[in-house]
Amino acid sequence: MKYSIYTLLIAITFLLACKKDLTTDQPTVEISLTNARSVIGDTLVFKLGDTCKFTLGGYSDNVVFWAGLPGNKYEFRSRSLAFGTPRLSFTSTAQFGTQNNTLQVLATNKLPLKDSASVVNAAWVNITPRTPIATSATAVNTGPVNLSDLVTGASDSLFIAFKYTGLTGSTQRTWTITNYLVNNVLSDYTFTLSSLAADNAFWTRYGNVWSPASSRWVATTTALTIVGGAATAPSNTSWIISKPLFVGRIAPDIPTATVKNITASAPSSYNYKYTAIGKYKITFVSYNITADDSQMALKEFSVKIIP
């Protein structure tokens, strides 16, 4: 049976007219907090060790709890950039030989390309004087090294390089770098921008001596290592450079807990205990959601935990 285009258009129009969006209702959940020791203005006061006991009524498909702790603040749920203080730290050991000044620690936010010419000619800042490094097999940790003077804003990128120099004529030194971290440190939160465990595949190596393999830097999930040659080995200049570190990067905050999801029955209570004194903004988010619609309600409390 054949249908005319006109008939098909009528059928499609009818089907579209019959299609309805799948809507949802506004959450009706009611939340109260009544066991505070005292109330100052709009702030509920508890002693450290007390349990905040919330009573829940009404209904919502989903309820999540934000305690207002670092990493769990509702107002930062969409935050991806926050300019804190970029801090570098690592541990070093130097073994064998007596050659001096064989390791430099460098940084730059101006590396247009990662070819060898660009690397050699980049505007590197020698930060070795800021980073205490080993003089023997005894491990030395730098402590947190402030790099904020090398960047100007949250969108800047920063490269860290370790430059090795070994000279022919005497036993060359072997260096091992462990515990490498670059963090974005905020007043109440620290976000890791780079670590050996996460970034071992992203280091880039350069050098003028490539045989044997031990004469170049090797990156693993636990260490950066370069093995120096014997006295007869050729002079060796080797670099290893980090990926670009976007210094203002930070993970969005996430809820502290899911109080209820769509498959669970509605709870009548929820308890939470803070482990440190301070003032916290609590947010409960109740929401119903479908493919075509979403409805949300917020309930907030200001809580102060005292000794």
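## Surface and burial

The protein exposes about 16,300 Å², and carbon and sulfur atoms supply 57% of that area. Accessible areas here come from the Shrake-Rupley method with a 1.4 Å probe, and for residues only the protein chains shown count as cover. What you're looking at is a predicted model, where local features need pLDDT of at least 70, side-chain atom pairs count only at pLDDT 80 or more, and totals for chains, interfaces and linings use all residues. Residues are numbered from 1 along each chain as its sequence is written, and side-chain values use heavy atoms, with hydrogens and water left out.

How many of the residues are tucked away? Of the 307 residues, 42% count as buried. Buried means under 20% relative accessible area, exposed means over 50%, and partly exposed is in between (1.4 Å probe, protein chains only).

## Overall build

The protein has three helices and 22 strands. Both are DSSP runs numbered from the N terminus: helices (H or I) need at least four residues and strands (E) at least two. The radius of gyration is 29 Å, well over the 19 Å that the globule rule gives for 307 residues, so the protein is more spread out than a compact globule. That radius is taken over C-alpha atoms, and the globule rule is 2.2 Å times the number of residues to the power 0.38. Along its principal axes, the C-alpha trace spans about 85 × 80 × 35 Å.

Now for who touches whom. Among contacts with a separation of 6 or more, 75% come from residues 24 or more positions apart. A contact means heavy atoms within 4.5 Å.

## Charges and salt bridges

There are 25 positive and 16 negative side chains, and the centres of the two sets lie 9 Å apart. Lys and Arg count as positive, Asp and Glu as negative, while His and the chain ends are not counted. Each charge is placed at NZ of Lys, CZ of Arg, CG of Asp or CD of Glu.

The structure holds six salt bridges, a salt bridge being a side-chain nitrogen of Lys or Arg within 4 Å of a carboxyl oxygen of Asp or Glu. One of them joins aspartate 188 and lysine 73, at 2.7 Å from N to O. This pair links distant parts of the chain, 115 residues apart: aspartate 188 is in the loop between strands E12 (174-185) and E13 (190-195), and lysine 73 is in the loop between strands E5 (62-66) and E6 (85-95). Aspartate 188 is partly exposed at 32% relative accessible area, whereas lysine 73, at 17%, counts as buried.

Aspartate 149 and arginine 130 form another salt bridge, with their closest N and O atoms 2.7 Å apart. Here aspartate 149 is in the loop between strands E10 (145-146) and E11 (157-166), while arginine 130 is in the loop between strands E8 (125-126) and E9 (140-141), 19 residues apart. Then there's glutamate 300 with lysine 281, whose closest N and O atoms are 3.7 Å apart. Glutamate 300 lies in strand E22 (residues 294-306) and lysine 281 in strand E21 (residues 278-289), so the pair ties together parts 19 residues apart in sequence.

Most residues other than glycine have a negative phi. Phenylalanine 96, not a glycine, has a positive phi of about 65°. Phenylalanine 96 is in the loop between E6 and strand E7 (103-108) and counts as exposed at 52% relative accessibility. Asparagine 179 isn't a glycine either, but has a positive phi of about 55°. Where is asparagine 179 found? Its place is in strand E12.
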